[in-house]
Amino acid sequence: MLRGSLAIWQRDMLILRRSIVSELMAVVAYPLTIYLAFGIGMQGYIGLVDGAPYSLFIAPGLITMTAVNAAYNESVWSLWFHRRVQFTIESYRVTPISVSEIVIAKIFTGFTHGIIKGCAVGLVLFAITPFRFPIEHLLQYLLFLIPGSALFSCAGIISGTIMDKPETIGKVEAVLVMPLIFMSGLFFPLSSYPSAVIPWVRALPTTALFEGARRALVAGEMMSMSVLQVSLSALITFVAAVVIFRYKMSE
Amino acid sequence: MGCSDMPVPSIIINSLTKSYGGLTALDSFSLEVEQGAIFGLLGPNGAGKTTLIRILTTLMRQSAGDASIEGLDILRSGRDIRRMIGVVSQENSLDRYLTARENLELHARLHGMEKQLYKSRIDNLLELMGLAGRQLDFPDTFSGGMQRRLVIARALVHQPQVLFLDEPTTGLDPQSRRAVWEYVRSLAGSMTIFLTTHYLEEAEQLCDRIAIMDHGRLIALGSTQELKERLSGATVYEIEFSGQDIDRYVVLLGSMPCVIDIKQAGSKVTLTLECWECLSEIVTSLNGAPVRRISLLERTLEDVFISLTGEKVRE
């Protein structure tokens with residue numbers, strides 16, 4: 001049933017392989033700059049956050065941010081480009097594969113980009129900065145990174161399906177996606193929020209993702225409810241992405 | 001001829017209607033296309049040709065009516081229909097990040113073809129389309145004509161029974177257009193070809209049968225010859241003058257009641273007359289004029305189109 005998805009995903013991976021060096025250079029530069037500026041440059045002024053040096057506090061979040069950003073960006077721009085510019089989606093639709101197979105392929109492509117780019121940033125941080133974590137914590141961390149990348153890939157598919165103009169895509173990213181990431185405890189502990197706001201922030205899947213991922217990587221702590229929250233959000237967004245894409249294609 | 005000798009329709013369209021809000025793009029459109037024919041759907045931009053192709057290729061649902069391809073209903077058997085059709089859309093939908101060969105391979109895989117089967121098929125198609133030497137290049141480096149040939153090759157990879165060509169030569173230079181015509185002609189008989197165009201010459205050159213549509217409606221159907229014969233007694237003559245004072249004669253001829261249309265291009269004047277008997281009136285009125293030659297022009301599909309729609313083909 002997913003033969004078509006596999007063919008499209010393999011096509012996307014072929015393109016990624018061809019441009020892997022430039023893709024990774026572009027994607028590593030941003031979080032690395034933030035890490036050096038805030039984690040190293042500001043560390044002396046900030047001191048310990050939640051009992052950890054600031055560079056250690058933000059590093060897991062930067063890896064997670066890279067992964068989910070890459071997943072979102074790949075999905076939204078790739079879908080928009082293939083639908084509105086290159087018309088490749090239309091060329092897929094006149095073959096005997098289903099619309100669902102197309103959207104599933106695109107979701108997996110975004111997800112794969114997220115995982116690869118997140119891992120690349122993690123490796124670079126590990127290699128050239130003092131950031132360290134016990135290797136056995138990696139498995140717990142992946143339990144967040146995988147559904148987190150899937151969640152953002154599906155969100156990107158929804159945006160790329162609904163929005164026809166590139167400027168709208170940029171606005172949504174600036175107004176919705178980046179605030180969701182930045183306000184989820186990536187750069188500061190949730191305890192910094194006024195107590196009345198904390199329950200609302202905690203309800204966000206992005207908070208569960210960033211908070212849970214940090215604790216998993218740094219302390220090896222397993223926050224099962226957070227994993228469940230992120231996974232459930234990813235599942236709901238996946239269903240929504242498939243339904244919305246199918247609806248759009250039937251118009 | 002017994003019933004068994006009747007040509008089998010490959011495409012049956014029955015009262016197909018498509019409305020977008022208050023706009024009716026297809027208005028109770030009905031048609032049958034025989035197996036193995038090259039069928040041309042002619043009409044100006046906005047006539048509803050692309051809407052019809054999008055419905056037949058299962059990209060869009062109709063508002064009313066039904067249609068079938070090779071006996072399969074377009075609503076109920078979308079996947080099976082897509083298995084047996086090839087589509088060349090108006091837009092260039094080639095993947096610019098894949099080489100020419102990779103474009104064809106991806107399409108073959110989407111059709112579920114095995115590698116050993118599609119490899120030789122792609123070799124043959126690239127050879128046939130004159131692209132074998134460029135198979136490892138990206139489509140962005142191709143000319144418009146080469147890209148079009150590659151799109152046609154892609155539509156043929158899985159050996160479709162019905163090929164839809166939606167304005168396949170729009171935007172191509174005359175040389176590339178003729179090259180595409182040659183490829184289309186070479187496919188004749190091996191599959192049903194349903195072609196839309198707003199180029200009258202294209203329909204005339206390629207198609208066994210032609211339907212003319214405008215404003216979502218079918219307004220004429222037949223072979224080129226049949227459609228030309230539908231013209232009333234109107235005949236078209238070309239008068240070539242040798243002198244300088246042609247404008248005076250153009251005004252004179254244009255004022256005659258038997259003249260339906262008059263056009264001047266340099267020393268040549270094209271006259272559309274109500275009937276051939278009118279010619280004697282023309283000759284009489286031109287007595288003493290510096291006429292080099294009067295010749296009867298063969299009627300074209302454009303004449304048919306003007307006669308049926310009252311206007312020229314809108315580009």
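Guide: A:F87 sits in the loop of chain A that runs between helix 4 (54-85) and helix 5 (88-93); helices (H or I, at least four residues) and strands (E, at least two) are DSSP runs, numbered from the N terminus. The model is predicted, so local features need pLDDT of at least 70 and side-chain atom pairs count only at pLDDT 80 or more, while totals for chains, interfaces and linings use all residues. Residues are numbered from 1 along each chain as its sequence is written, and chains are lettered from A and ligands numbered from 1 in the order in which they are written.

The phi of A:F87 is near 60°, a positive value in a residue that is not glycine. Most residues other than glycine have a negative phi.

B:Q159 is in the loop between helix 5 (144-156) and strand 7 (162-166) of chain B, and with 14 other C-beta atoms within 10 Å it is partly exposed.

As for the contact between the chains, 17 residues come from chain A and 20 residues from chain B, contact meaning C-beta atoms, placed from the backbone, within 7 Å. On the side of chain A that touches chain B, helix 1 (3-18) and helix 5 of chain A each supply at least two residues.

Notes: A residue is buried if 20 or more other C-beta atoms lie within 10 Å of its own, exposed if 12 or fewer, and partly exposed in between; C-beta atoms are placed from the backbone. Two residues are in contact if their C-beta atoms, placed from the backbone, lie within 7 Å.
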